[in-house]
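Here is a short briefing for a first look at this structure. Keep the model open while reading.

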Amino acid sequence: MLWALLFGGVATFAQLYSVQAVLTAIAADFSVSAADAALAVSASTIGLALAVIPWSWVADRAGRKRTMTVAMALAVACGLLVPLAPTFAAMLTLRFLQGAALGGIPAVALVYLNEEVQRMHVAVAAATYVAGTTIGGLAGRLIAGPVAGVLDWRAGVLAAGIVSALAAVVFVWLAPTPRAFQPAVSGRGPNLWRRILINLRSPRLLALYAQGFLLMGGFVAVYNYLGFRLESPPFNLPTSLVSLLFLAYLAGTITSRLTGGLTVRHGRLPVLLTSIPVLLGGLGLTLVPSIPVILLGLLIFTGGFFAAHSVASGWTPRLAHTGKAQASSLYNLSYYAGSSLLGWAGGLFLDSLGWAGVVLFAAALALLAATTAAVFLRQVPAT
């Protein structure tokens, strides 16, 4: 199952974030600003955020694996059309549809794990899945960026789409048939909207949703706009070289996997609250005008972010007593809403205050997330 979900993560996140490595090329091709070019990322994450609740309803009836399989197939089809978009508006439309299809994967994956994996192994399993998503995000960026450097951004995105299609096939081949899944039956138990409302009334779950919204917003803002900084004076790096900075994602692959063991030994909240100062320290290093220091800062920042995300995302289904699929979907909705809205808003700070503005923006979001967790998650019993 973990190998299947690793490839599912590649199929999902290679498509979702491949355009992030070529935003400067998209801006030049369509003659749009940095903030407008970042809409190529936001369009897909908005689509994903809006789709996770409907996909959770489908998964409660059709089954976890079947739902994820259909979602991957639809996303791959849309993704292979993105490089053919004749206009910026057409490209954004296709990216939105692709994101809406991709919503069926993160909306279901952690519920699938929680249902099929023994309780004592869930934290480690969830952390392993998040590690797989980092590999997918890294793969999409590292494929699209260098290919775009040799050819153009369209070829880069197409190459990432082909890799995603192959990963989706491997997922379908490896994923085991669910054994603990019980289809939802109409008239039995709370309906969809009742399950959503129950989860929205929990201050503890709202605090976890806030982690996804705030931390992801700052994370995407940093990755969206760092390329614009490094491709401008005094660095003047080419796109193909800037895309290699996404290797910092490997820090997230490591820390998200290690987080599973740490939460078993020390508890979820201490690990979450330790991750955020680590994130802030790395963020501060990106202000230093030195490529090696910026890379070090990006490694630390990425590791801290994925450690926090691994804890929050894996904790959500455990705290939900009713509608676990909807609770997980609400976390993903918040997570990708932060990516879409706050990730785009970082461009406004870049335009007005430069890179320091983006750093201050992301730091303020992280501090707010830490405060929210400390206040609302202190008395949560071990789960």
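## Briefing

Tyr 331 and Tyr 335 are both buried. The model is predicted.

**Aromatic rings**

- The structure contains 13 aromatic pairs.
- One of them joins Phe 305 and Phe 306 in an edge-to-face arrangement.
- Phe 305 has 1% relative accessibility, so Phe 305 counts as buried. Phe 306 has 4% and therefore counts as buried too. The cut-off for buried is under 20% relative accessible area.
- Tyr 331 and Tyr 335 form a stacked pair. Here the distance is 5.9 Å centre to centre, with 25° between the planes.
- Both tyrosines sit in helix H16, which covers residues 324-353. Tyr 331 and Tyr 335 are four residues apart there, so about one helical turn separates them.
- Ring pairs also build a cluster. Its members are Phe 219, Tyr 223, Phe 301, Phe 305, Phe 306, Tyr 331, Tyr 335 and Tyr 336.

**Helices H5 and H9**

- Helix H5 spans residues 64-81, and helix H9 spans residues 153-174. They pack at an angle of about 160°, with axes 9 Å apart.
- Angles over 145 degrees count as roughly antiparallel. H5 and H9 are therefore roughly antiparallel to each other.
- The crossing of H5 past H9 is left-handed.
- On the H5 side, the contact is made by Lys 65, Met 68, Thr 69, Met 72, Val 76 and Leu 80. H9 contributes Leu 158, Gly 161, Ile 162, Ser 164, Ala 165, Ala 168, Phe 171 and Val 172.
- By type, the contact residues of H5 and H9 are 10 nonpolar, three polar and one charged.

**The loop between H11 and H12**

- Helix H11 covers 203-230 and helix H12 covers 239-242; Pro 234 lies in the loop between them.
- The peptide bond from Pro 233 to Pro 234 is cis. Its omega is near 5°.
- Asn 236 is found in the loop between H11 and H12. Asn 236 is not a glycine, yet its phi is positive, near 55°.

**The loop between H2 and H3**

- Ser 31 is placed in the loop between helix H2 (23-30) and helix H3 (34-37).
- Phi of Ser 31 is near 55°, a positive value in a residue other than glycine.
- Ser 31 has a relative accessible area of 67%, so Ser 31 is exposed. The cut-off for exposed is over 50%.

Notes: Residues numbered from 1 in each chain as written. Predicted model: local features only at pLDDT ≥ 70, side-chain atom pairs only at ≥ 80, totals over all residues. Heavy atoms only, no water. Axes fitted to C-alpha atoms, helices over the stretch in contact; angles between N-to-C directions. Helix = DSSP H or I, 4+ residues; strand = E, 2+ residues; numbered from the N terminus. Parallel < 35°, antiparallel > 145°, perpendicular 65-115°, else oblique. Left-handed = near helix turned anticlockwise from the far one by under 90°. Contact = heavy atoms within 4.5 Å. Nonpolar A, V, L, I, M, F, W, Y, C, P; charged D, E, K, R; others polar. Phe/Tyr/Trp six-rings, centres within 6.5 Å; stacked < 30°, edge-to-face > 60°. Buried < 20%, exposed > 50% of the residue type's maximum accessible area, 1.4 Å probe, protein only.
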